[in-house]
Number of protein chains: 2
Amino acid sequence: MAQKILIIGGVALGPKAACRAKRLDPTADITLIDQDSIISYGGCGIPYYVCGDVAEAEGLRSTSFHSLRDAVYFAREKGFTVRTGTRALKIDRQKKELLVKDLLSGQEEVLAYDKLVLATGSIPFVPPIPGVEADNIFTVSNIHQAVAIKKRLSSGQTGKAVILGGGAIGLEMAEAMADLWGAETTVVEMMDQILPRIIDRNIATMARHHLEEKGVIVHTSERAVAFTVENGRVTGVQTDKRHLDADLVILSAGVRPNSQLAREAGLAIGAFGGIVVNKRMQTSDPCIYAGGDCVEMEDLISGGSTYAPLGSLANRQGRVIGSNLTGRQETFDGVIGSFIIKLFDNCVAKTGLSLAAAKAQGFDALAAFVVQADKAHFYPDSGMLFMQMVVEKKSQRVLGVQGIGPNNGSLLARISAVAGMLKYKPAVQDIANLEFPYSPPYAAAMDIINVLANTAQNILEGRNMPIDQEEFLQRLADRQADHTLFLDVRAAAQGAPLAEKFGPHWLNIPNDQLRERLDELPADREIVLVCNAGSRSYDAMCILQNSGRSTLNLQGGIGGLKRAGIIL
Amino acid sequence: MAQKILIIGGVALGPKAACRAKRLDPTADITLIDQDSIISYGGCGIPYYVCGDVAEAEGLRSTSFHSLRDAVYFAREKGFTVRTGTRALKIDRQKKELLVKDLLSGQEEVLAYDKLVLATGSIPFVPPIPGVEADNIFTVSNIHQAVAIKKRLSSGQTGKAVILGGGAIGLEMAEAMADLWGAETTVVEMMDQILPRIIDRNIATMARHHLEEKGVIVHTSERAVAFTVENGRVTGVQTDKRHLDADLVILSAGVRPNSQLAREAGLAIGAFGGIVVNKRMQTSDPCIYAGGDCVEMEDLISGGSTYAPLGSLANRQGRVIGSNLTGRQETFDGVIGSFIIKLFDNCVAKTGLSLAAAKAQGFDALAAFVVQADKAHFYPDSGMLFMQMVVEKKSQRVLGVQGIGPNNGSLLARISAVAGMLKYKPAVQDIANLEFPYSPPYAAAMDIINVLANTAQNILEGRNMPIDQEEFLQRLADRQADHTLFLDVRAAAQGAPLAEKFGPHWLNIPNDQLRERLDELPADREIVLVCNAGSRSYDAMCILQNSGRSTLNLQGGIGGLKRAGIIL
């Protein structure tokens, strides 16, 4: 008899699992239910629909060949049944039955299954702030909200938008509103940086600077405490630091796994509130699979658990579930933590752990930061990449890379090169020799990804003694009190003005004169070396260390500071 | 006493090794000699200098901060001695001495060494064709030739250029000449495809089509047999098939390792004529290191030996040599085979082995070919990627990926993602779940790189029975004689015209009608399935296979044919 497969949830993983299972076993009897009327859409595309890049919401629901992915499509092209407007109420694991309710008729019904798939997704976190139920306050979790938001924007009702939460969705929505619609857009983030827990603060500062260049107002270390509401509509946001006028508010404070149904059925739930699954994507009941935003997975870097609600993971897990539903033994091993976001003309991306995340997971880690062009430096139109590699000190194991660069695929390429390797626990040396494809229009002969590894090695071995931007600026601010000497090894045209500005604290000796002018350097002062990108100052450090002096090297140099909006 | 390090060759590896060694051991006494007057240049940048993207030849010899890398630069900034115009004549390994000759004065001199580095590079192959010594026939192996070529072009003396050899350098030079200088440019390649031994013929055909779209004339399976010379200047090229007028000829028929000095010194030489080195980059004499274009290395995919003269490898090997010169134990494990080239608006790239190369190395391998957008399909301005994955059948091990796509970094990203993994011998499943960073402006939720692996798996397991473009066109040409039915599952707007054109041989049943129209299909004819990209036809195959019919699926669909310039 045909196997009965029942799938709850029809956005990303559900349809994927159904299609794969049906292809492998054309005799399978597959039904997918979803409480919404709209299924199988690219939720990650919502900001691009709101900003107008994708003209119609149907664009997010169509195939490459312009078929709308609705119940008829799945029945005719893929051979399985879709029931929309149908809510799952209760799983009876003993009887292998699911109680569902038709939301239109109110009718309840029991559906039998041999295998059940939970693709129940996530629920946006709605902060319990007074006034949050007012009109014009939106989360960004489905097409209906997207349509409502775009309607507000396109009807000219939105002059000022406030976005609560500076994570990926918040920033993508900020760009959408500020860019096409010209709304005065403010992002409010509780943590002390945007993209918290994703990238480190130095890279986040550069991303923030770019948002500000594009007119987005960013407030970090700040939280909303109340909404001002008039006639049921939001008119402002009161934070712990100020009042912000607002015609429209986006709540982008993260999502939580929608695991209630699983919890009530007695399935194992993990620390993040996500359904616990094994590598075959089975829950604690082997007849019930789960994947996508409602599960938590192994973090392949730390070995711990993590919650990574991403459409890409959902699709890949969906295929694994589809395979296993038909008796195969496929696995999804866990999560590396790859991330990418477009911010106006910039791209921010990472794979693996940030330094902060690595430390939080108990790794004794350090970071190497490098600034380099994305093409051979002599090739025209090259853009600058600002990248950081996170390394465990003792093992020299690479835990992650992250960066910011131009919006042209070049950062994606470097991040991807490492993303594929991370599960093999590469050491710094493995990435030093990584065979990144080389030709001047695409890379440097010694590419930034190799240089990152080389720099990390030099730091690990104590030859390159780094000082990061924050420390550097602190030392420079404290220059009257301490004895630090800032040694600028750039040409006089760049270094002399700062030597004049900072007087006895800043000395300019171009690198090509350093070997013969060592006597000018005091033996008793700590020297902070500065150049434009951090590489010539490393050369200088090798010379000076040999002369017994104590030195530190500004990672990323003056160019790195500029990228963060800091002009000395 | 300071260690004496002597380095022969100053283009890429030599200076890199010297800089690294000097940084690690500032007391080292390092001398680098080169017979040329110009050293430390980006040889891979020559086509971009010729085409004008890089205005001056000095651009290829300067640092990011516009310092010219000459003997003075290396002495003052890097602390080692450079002697140009100095040729190495003979190594006395017993005495650890090198006999050199000053080319200006003719004076010979003996230099002692503790460690010697051979960075003697490669020699362009000059085919022994009558007339090859004529004026205006150039190889592209150093700055002097580049300057001479550009002078000819910029003075308007070149209306017609012929390039002998359709490898990377030949094609880059073809673009340089045809694009900026508007020369009528013809590429003549002996083998039956361009980029032979690098990428497979299906991808090469697409690259060739793009070159032809841009006005470059390409002749494959053709070889030059004589040059026509008037007054010492070339005026034409006689091939085995035709006569080509030519004001300028580029010889780009590959390079050979320059290993003569090593050979005469009794060092081990390999099958490719390259110096044999271990993973520490030591020759058969442990006091003599070698790297870059003069050595051959282990191919990490096949375990055999390979010759890979690339500036990127030279730089990475140079750093390893620099480290080991000072007593460290670093390794360069071998070559993966990453490659990338810009061809006008396209990019062609690969890593690992092509299918042809894999078969030549004894692998029982197959290829999966996929066409997919480089961004989420709903995101605007997405470009199409045409990619192929090569897999060993028995082990499901991925041996390589290659492709052609827009010139925007998107192909580089997919190739790089696999380049880093290949040394770990990934299986198809590892790449199916590869965590390529996802956001609609940069990737698809199920990215082409994942789909390639999924497709390969479906082929390996016999669910997707592929037919490639060449076979397909053959079967279509033979349609009167055999019983093949071509089943086009696209919408009627696309499929009906071909059904009309090919009559009883071509049937159009859109995919969404297939399940209910199965009766229209004959049970006794082999069916070749066709859609636009090969994915809907795979869906159709799953339906048809279940009905017991024998089917084949056109890889890459009609879109793939179009990309190769074939309109049915």
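1. Strands count as paired if DSSP finds at least two bridges between them, and the elements themselves are DSSP runs numbered from the N terminus, helices being H or I of at least four residues and strands E of at least two.

2. Before going on, a word on what you're looking at: this is a predicted model, in which local features need pLDDT of at least 70 and side-chain atom pairs count only at pLDDT 80 or more, while totals for chains, interfaces and linings use all residues. Residues are numbered from 1 along each chain as its sequence is written, with chains lettered from A and ligands numbered from 1 in the order in which they are written.

3. Contact means that the C-beta atoms of two residues, placed from the backbone, lie within 7 Å.

4. How is chain A divided into domains? The assignment, from an automatic or database source, gives domain 1 (4-122 + 256-325), domain 2 (137-193 + 200-253), domain 3 (339-460) and domain 4 (466-563). The C-alpha centres of domain 2 and domain 4 of chain A are 40 Å apart.

5. Now for a helix pair in chain A. H1(A), residues 13-24, packs against H8(A) at an angle of about 35°, with the axes 7 Å apart. Their crossing is right-handed; the rule is that a crossing is left-handed if the near helix is turned anticlockwise from the far one by less than a right angle, and right-handed if clockwise. Residues making the contact include Leu13(A), Ala17(A) and Leu24(A) of H1(A), and Ala314(A), Ile321(A) and Leu325(A) of H8(A). By class, the contact residues are nine nonpolar, five polar and three charged. In that scheme Ala, Val, Leu, Ile, Met, Phe, Trp, Tyr, Cys and Pro are nonpolar, Asp, Glu, Lys and Arg are charged, and the others, Gly among them, are polar.

6. There's also a hairpin to check in chain A. Strands S4(A) (86-92) and S5(A) (97-102) pair antiparallel over six bridges, and Arg87(A) has Lys101(A) as its bridge partner in S5(A). Four residues lie between the two strands, and Lys96(A) in the turn has a positive phi of about 55°.

7. Over in chain B, look at the open sheet of five strands ordered S3-S2-S1-S7-S19, with parallel pairing. Its edges are S3 (81-83) and S19 (288-290) of chain B, each with a single partner strand, so one side of each is left without a neighbour in the sheet. The twist from one strand to the next averages 20°. S7(B), residues 115-118, runs parallel to S19(B) and is joined to S19(B) by three bridges, with Val117(B) opposite Tyr289(B). H1(B) packs on the sheet against S1 (4-8), S2 (29-33) and S7 of chain B, its direction making about 175° with that of S2(B). H8(B) also packs on this sheet, touching S1, S7 and S19 of chain B, at about 165° to S19(B).

8. Finally, the dimer contact. How many residues does each chain give? Chain A gives 75 and chain B gives 75. Several elements of chain A supply at least two residues each, among them H3 (71-78), H8 (311-325) and H12 (448-460), but the largest share, eight residues, comes from H10(A). The chain A side has 38 nonpolar, 24 polar and 13 charged residues.

9. How do the copies relate? A rotation of 180° with 0.0 Å of shift along its axis superposes chain A on chain B, with an RMSD of 0.0 Å; that is the relation of a two-fold axis. Both copies use the same surface, as 100% of the contact residues of chain A recur in chain B. The superposition is by least squares on the C-alpha atoms of residues with pLDDT of at least 70 in both copies.

Notes
Axes are lines fitted to C-alpha atoms, for helices over the stretch in contact, and angles run from 0 to 180 degrees between N-to-C directions.
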